[in-house]
Amino acid sequence: MANATGPQMAFYGSANMDFGYPEGVSIVDFVRPEIKPYVHQHWYNYPPVNPMWHYLLGVIYLFLGTVSIFGNGLVIYLFNKSAALRTPANILVVNLALSDLIMLTTNVPFFTYNCFSGGVWMFSAQYCEIYACLGAITGVCSIWLLCMISFDRYNIICNGFNGPKLTSGKAIVFAFISWAIAIGCAIPPFFGWGNYILEGILDSCSYDYLTQDFSTRSYNMFIFIFDYFLPAAVIIFSYVFIVKAIFAHEAAMRAQAKKMNVSTLRSNEADAQRAEIRIAKTALVNVSLWFICWTPYAVISLQGVMGDTSGITPLVSTLPALLAKSCSCYNPFVYAISHPKYRLAITQYLPWFCVHETETKSNDDSQSNSTVAQDKV
C-alpha cells in the first residue's frame with residue numbers, strides 16, 4: 001500500500017491506492033510551488049523514489065548525527081578538560097571536531113525531518129541556500145583541517161628536529177586559514193558565482209553542479225580543484241612519505257642491530273606486528289577513509305559540471321552526499337579517540353566508559369623516533 005501520510009497522499013487523494021506512481025509523475029511534482037525555482041530541470045526526468053528510501057536515509061542520518069555528536073563532543077570536552085591534550089596538534093584536531101559537529105547538527109535534523117515528512121523540502125527557499133552553505137563551510141573546513149593535520153604529521157615524522165615546529169600560535173593560524181578558506185569558498189553563490197539548489201531525492205540542498213552556464217561551471221571547477229584535488233594531493237604526499245620514513249627508520253634499526261650482533265634494538269617486542277606494518281596500516285586507513293568519503297561526491301559533481309548527466313539519478317547523487325557527511329563520524333575516532341593520550345584522558349575524566357588506558361614510559365632512546373611516529377600517525 002502507498003504511504004498514507006505526506007505530500008504523496010495529497011497528490012493521490014486516496015489512502016486506498018496501491019503502491020506505485022501514475023505514469024508521467026516526476027519527483028518534482030511533490031515540491032511546493034515556491035520551492036520549484038530551486039529544482040534543476042534535470043530532476044523532472046525522474047519518477048519519485050520508493051518512499052522506503054526516505055525513511056531509510058532518515059534513520060541512517062539519525063544514527064550518523066548521534067555518533068557524530070557523541071564522538072566530536074567527546075573530543076571537544078576532553079580537550080577543554082585535560083591540559084595534557086592542549087597541544088598544538090590537538091588544536092587542529094579539536095577544530096576538526098568542531099567543524100564536523102556543526103556539519104551534522106545543522107544538516108541532519110532538517111534532512112531527517114524532510115525524510116519523515118514525505119520526502120520533500122519542508123522549509124523555506126532561503127533556508128535551502130543557508131542549509132547548503134553551512135554544509136559547504138563545514139565540509140570544506142574539515143577537508144582543509146585534515147590537510148593541515150596530514151602535513152603536520154609529515155613534518156614531525158619526516159623532518160624530526162630539523163623541521164619547523166608546530167606551535168600553538170601556528171596551529172591557531174592554520175585553523176583560522178581553514179575556516180577562512182571554507183567561508184570564502186561557500187559565500188560566492190550568494191553573489192552570483194555558482195548556485196545552491198535542491199539535489200537528489202530533493203530532501204536536501206547543495207551545490208548546483210548541473211547548470212551549464214559559465215558562472216556555475218567555473219565555480220564548481222574551482223571548488224573541485226581547490227577543495228578536493230589540492231588537499232588530496234597534500235594528504236597523499238604526506239602519508240606516502242610518512243610510510244617511507246617509517247620503513248627507512250625500521251630498516252636502519254635492523255641494520256644497526258645486525259652490526260651489533262643482536263636480534264633487535266628494541267627493549268619491548270610485546271607487539272606481534274612490526275612497527276612499520278602497524279603504521280602503514282594506520283596511514284592506509286586514514287587515506288582510504290578520506291577518499292571513500294569524498295571521492296564519490298567529487299566525481300558526481302565533476303561529471304555534472306562536464307555536461308554528462310547520464311546516470312545522475314536522484315539516488316546516485318544522494319548516496320555520495322551521505323558518504324561525505326559520514327566522514328564527520330569517523331574523524332573523531334581516527335584522529336583523536338584512538339590516540340593513547342585521549343584514551344588516557346577518558347580513563348581519568350570519564351571512568352564510567354570503562355576505558356582502562358595506562359601511561360607508558362620508556363627509557364629506550366632507540367625507540368624514540370618510532371614511538372613519536374606511532375603517536376602522530
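Biologist: How many residues line the largest cavity, and which of them lie nearest its centre?

Modeller: The lining of the largest cavity consists of 30 residues, and those nearest its centre are Ser206, Tyr207, Ile223, Trp294 and Tyr297. A cavity here is a set of points, on a 1 Å grid over the protein atoms alone, where a 1.4 Å probe fits but cannot get out, and a lining residue has an atom within 4 Å of such a point. This is a predicted model, in which local features need pLDDT of at least 70 and side-chain atom pairs count only at pLDDT 80 or more, while totals for chains, interfaces and linings use all residues. Residues are numbered from 1 along each chain as its sequence is written, and side-chain values use heavy atoms, with hydrogens and water left out.

The whole structure has six cavities of 30 Å³ or more. The largest cavity holds about 450 Å³ of space, a volume being the space filled by probe spheres set on the grid points, which are joined across faces, edges and corners. Its lining is made up of 20 nonpolar, seven polar and three charged residues. In this count Ala, Val, Leu, Ile, Met, Phe, Trp, Tyr, Cys and Pro are nonpolar, Asp, Glu, Lys and Arg are charged, and the others, Gly among them, are polar.

At least two lining residues come from each of helix H3 (88-115), H4, E1, E2, H6, H7 and helix H8 (314-337). Helices (H or I, at least four residues) and strands (E, at least two) are DSSP runs, numbered from the N terminus. The biggest share of the lining, eight residues, is supplied by H4. For the setting of these elements, the protein chain has 10 helices and two strands, in the order α-α-α-α-α-β-β-α-α-α-α-α along the sequence.

Helix H4 spans residues 125-159, and Met148 is one of its residues. Met148 counts as buried because its relative accessibility is 16%; buried means under 20% relative accessible area, exposed over 50% and partly exposed in between (1.4 Å probe, protein chains only). Leaving out residues up to four places away in sequence, Met148 touches Leu92, Phe174, Ile177 and Ser178, where contact means heavy atoms within 4.5 Å. The C-alpha atoms of Met148 and Ala89 are 9.5 Å apart, although the two residues are separated by 59 positions along the chain. Across the protein chain, 74% of the contacts with a separation of 6 or more are between residues 24 or more positions apart.

Strand E2 contains Cys205. Cys205 is buried because its relative accessible area is 4%. Beyond four places in sequence, Cys205 touches Trp121, Cys128, Tyr131, Ala132, Ile197, Leu198 and Glu199. The loop between E1 and E2 holds Leu202, which has a positive phi of about 65 degrees although it is not a glycine. Leu202 is buried because its relative accessible area is 1%.

Aromatic rings come next. The structure holds 25 aromatic pairs: rings of Phe, Tyr and Trp (its six-membered ring) pair if their centres lie within 6.5 Å, with planes under 30 degrees apart counted as stacked, over 60 as edge-to-face and the rest as tilted. Trp193 and Phe222 make a tilted pair, 5.5 Å centre to centre with 40 degrees between the planes. Trp193 lies in the loop between helix H5 (168-186) and strand E1 (196-199) and Phe222 in helix H6 (residues 214-259), so this pair ties together parts 29 residues apart in sequence. Trp193 is partly exposed, at 34% relative accessibility, and Phe222 is partly exposed at 32%. The ring centres of Tyr209 and Tyr297 are 6.3 Å apart and their planes meet at 85 degrees, so this pair is edge-to-face. Tyr209 lies in the loop between strand E2 (204-207) and H6, and Tyr297 in helix H7 (residues 275-305), so the pair ties together parts that are 88 residues apart in sequence. Tyr209 is buried at 2% relative accessibility, and Tyr297 is buried at 11%.

Ring pairs also link Trp144, Phe190, Trp193, Tyr196, Tyr207, Tyr219, Phe222 and Phe226 into a cluster.

Definitions and conventions: 1 Å grid on protein atoms, 1.4 Å probe; cavity = no way out; pocket = protein on both sides within 12 Å on 5 of 7 lines; lining within 4 Å.
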